[in-house]
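Me: I am new to protein structures and would like a close look at one part, the nonpolar core. Could you walk me through it and its surroundings?

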Amino acid sequence: MTDSVDFWFDPSCPWAWMTSRWVDEVARLRHFEVTWHVMSLAVLNEDQQVSEEYAAFFPRALKYTRLVAAANELHGQAMVKALYDALGQQIHPGSNTNPDEVIPAALAEVGLPASFAAYADSDEYDRQMRASHFDGINRVGQDVGTPVIAVNGVAFFGPVISPAPMGEQALALWDGVVALASYDGFFELKRSRTREPIFA
């Protein structure tokens with residue numbers, strides 16, 4: 001029985017988006033609630049040597065994490081998921097890389113005022129955003145990324161999947177991943193990615 005599931009995501013990460021669609025499907029079929037938490041690829045890599053191309057992505061990504069952190073502080077957990085869904089649809093299936101278009105569209109979809117976009121460029125809730133980030137990442141170690149999932153307090157990175165499975169296949173994958181994660185001595189299972197995210 002699944003008692004509690006927590007999911008940490010960076011809205012900009014296509015792999016986290018894919019995994020979140022799978023977790024949504026499992027939650028629907030298994031009738032459990034998920035608590036959604038923001039984390040930040042920009043924060044994760046702030047002391048790392050990365051390519052110029054990857055570094056150029058971080059300011060845009062930070063806008064989305066700040067926006068979701070503000071939504072959590074001002075409107076609560078339900079708005080975190082709603083805003084993540086709205087942003088993610090624009091960013092991932094919608095392939096929109098322009099935050100000046102993504103953010104207003106997402107805010108309108110979830111019923112937040114256009115003025116809420118100011119939080120994307122504000123550090124007002126950075127302390128809470130960073131606390132959320134490190135709450136997730138400290139459960140699994142610094143050499144991973146997003147997403148992080150915790151099931152009944154047992155946390156793991158991933159899984160990295162494409163496309164998101166549905167129906168019985170989603171449940172079978174869930175049961176396998178949770179079984180692996182529940183074994184205290186299990187640490188890693190990996191193979192190289194052979195496809196890009198498949199959103200449809």
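Reply: Let's begin with a term: a residue is buried when its relative accessible area is under 20%, exposed when it is over 50%, and partly exposed in between, using a 1.4 Å probe and protein chains only. By that rule, buried residues make up 46% of the 200 residues in the protein.

A word on the source: this is a predicted model, where local features need pLDDT of at least 70 and side-chain atom pairs count only at pLDDT 80 or more, while totals for chains, interfaces and linings use all residues. Residues are numbered from 1 along each chain as its sequence is written, and side-chain values use heavy atoms, with hydrogens and water left out.

Read from the N terminus, the order is β-α-β-α-α-α-α-α-β-β-α. The radius of gyration is 16 Å, close to the 16 Å from the globule rule for 200 residues, so the protein is as compact as a globular protein of that length. Here the radius is taken over C-alpha atoms, and the rule is 2.2 Å times the number of residues to the power 0.38.

On to the core itself. A nonpolar core is a set of buried Ala, Val, Leu, Ile, Met, Phe, Trp, Tyr and Cys residues joined through side-chain atoms within 4.5 Å. The largest one here holds 62 residues, and Trp22, Leu83 and Leu87 touch the most other members. Helix H3 (residues 52–75) gives this core its largest share, 10 residues. In soluble globular proteins, nonpolar side chains tend to be buried together.

Let's zoom in on leucine 83. Leaving aside residues up to four places away in sequence, Leu83 touches Leu67, Val68, Ala71, Ala106, Leu107 and Val110; contact means heavy atoms within 4.5 Å. Across the protein, among contacts between residues at least 6 apart in sequence, 75% join residues at least 24 apart.

For contrast, look at two loop residues. Serine 95 sits in the loop between helix H4 (77–91) and helix H5 (99–110), and its relative accessibility is 58%, so serine 95 counts as exposed. Its phi is positive, about 55°, although serine 95 is not a glycine. Histidine 31, in the loop between helix H1 (14–30) and strand S2 (34–38), also counts as exposed, because its relative accessibility is 72%.

Notes: Helix = DSSP H or I, 4+ residues; strand = E, 2+ residues; numbered from the N terminus.
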